[in-house]
Amino acid sequence: MSGLAERRILLGVTGGIAAYKAAEFTRLLTKAGAQVRVVMTRAAQDFVGPLTFQALSGEKVHTDLLDPDAEAAMGHIELARWADLVIVAPASADCIARLAHGHADDLLTTICLATESPLAVAPAMNQVMWAHPATAENVERLRTRGVTILGPASGDQACGETGSGRMREPAELLGDCTELLGPRLLAGQHVLITAGPTREALDPVRYLSNHSSGRMGFAIAASAARAGARVTLVSGPVERSTPAGVERIDVDSARAMQTAVETHIDAADIFIATAAVADYRPSEVAERKIKKGDEDGRTLALARNPDILAAVCARSPRPYCVGFAAETDAVAENAQAKRRSKGADLICANTVGAGIGFGDVESTLELFDDHGSVRLGPADKETLARELIGAIAERLSAPSREQRNETP
Ligand code: PMT
């Protein structure tokens, strides 16, 4: 039976070309056994007619704040109480702004204000509108209030531009709803996660670093928090907002990341090392900006950084340890060798290179542990994060080799 069977989902549809995808999303929800009631804004009805949603959900579509058919004309309160989950998909920039400012001048915004159930929004808009500081502020405001922001994805847009702002695909949103309403797989667990790059200073203005954007680690943190875990995220320098319910510690260098991890590791049940930690740092950090000399070349002396993951794996007792392996070639072999050398319980291999692996791209993870390997994706990093959290929860609930009296 699907995790959505009998669950009551209120789908808000706002005005935008992605409204047509909301029809497919409704179909997938009802196919999964959910009860779906659809609320459409005025603008949404210019893109798709209410009859489409009525046919797909098998329920009357709601469009007006004042509903004479509802008891005491309080339809919005009834709908707000009825829903196990309210999800707005697509959520236009205007809708996000009105939700962020607590407006209640139409049925959808009123329900969002009146509901005590989880609220999720799936933004869909032009990439410049998504990148606008006003939208970023509104999204951040919603996030800190506990609203789940699903996406957006990046790629080709209906307006002919390419970038971040596409609504997540209906099948991905279906997975998001399952996670939001599903069993809290990591309830009672404390998860410590590293994310992003580290910066290793050369002098006061220069550093050595890499292309990690933090997206993978932040997606894992968000997913672990949604799965009921207490999450501490140690992040290298990235421009990302903190996922709801996550405690964040910002660091810059590998050594600062190690100190933060050491401070929190005793309380952790699960450690997930997603960060792209610099293996080396300049042996000396110049106090002043290094000046150009007359010589043709220069040699930079490097010192080895601590291996944070290996140090956590060597502890006793230790948390369940998950490492990542970013490889450009021989991905599976290198990842398995890394798992053995670091002593991790599970390693997630991914390919990196120019335009691959880092940032807002689709990716693939191959998970290796004592029992074999499993491939996740290709998919966006939020989907991979959700599946990875499911895979970790499954491994933690399965009896260990020791418990089954097996010899390795
Ligand atoms: O941030 P994004 O743009 O979303 O990109 C995601 C990612 C590609 C950075 C991520 O998916 C990933 O692969 N992270 C690990 C990158 C890496 O440094 O891999 P590695 O093979 O060098 O290290 C192996 C493991 O040891 C990693 O878990 C790493 O966090 C850990 N490590 C490495 C060196 C070190 N000094 N300390 C560590 O803890």
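Guide: The turns below cover the ligand site and then a hairpin. Keep in mind that this is a predicted model.

Visitor: Which residues come nearest to the ligand?

Guide: Ala273, Ala275, Lys338, Asn350 and Gly359 come nearest, out of 27 residues around the ligand.

Visitor: What does lysine 338 do at the ligand, in terms of distance?

Guide: An N or O atom in the side chain of lysine 338 is 2.4 Å from an oxygen atom of the ligand. Serine 213 also has a polar side-chain atom 2.7 Å from a ligand oxygen. For methionine 216, a backbone N or O atom lies 2.9 Å from an oxygen atom of the ligand.

Visitor: And how much of the ligand does the protein cover?

Guide: On its own the ligand has 780 Å² of accessible area, and the protein covers 95% of that. The space the ligand takes is the second largest pocket.

Visitor: Which element gives the most to the shell?

Guide: Strand E16, residues 320-327, gives the most, with four residues. Helices H10 (215-226), H12 (308-313) and H13 (331-342) each supply at least two.

Visitor: What classes are the shell residues?

Guide: The shell has 13 nonpolar, eight polar and six charged residues.

Visitor: New topic. How do E6 and E7 run, parallel or antiparallel?

Guide: Strand E6 (residues 153-156) and strand E7 (residues 162-166) run antiparallel, joined by four bridges. Aspartate 156 has threonine 162 in E7 as its bridge partner.

Visitor: What about glycine 160 in that hairpin?

Guide: Glycine 160 takes a positive phi near 95 degrees, in a hairpin with five residues between the strands.

Conventions
Residues numbered from 1 in each chain as written. Predicted model: local features only at pLDDT ≥ 70, side-chain atom pairs only at ≥ 80, totals over all residues. Heavy atoms only, no water. Near = heavy atom within 4 Å. Polar contact = N/O pair within 3.5 Å; in protein donor to acceptor, adjacent residues only side chain to side chain. Areas by Shrake-Rupley, 256 points an atom, 1.4 Å probe, with all protein chains shown as cover. 1 Å grid on protein atoms, 1.4 Å probe; cavity = no way out; pocket = protein on both sides within 12 Å on 5 of 7 lines; lining within 4 Å. Sits in = over half its atoms within 2 Å of the grid points. Nonpolar A, V, L, I, M, F, W, Y, C, P; charged D, E, K, R; others polar. Pairing = 2+ DSSP bridges.
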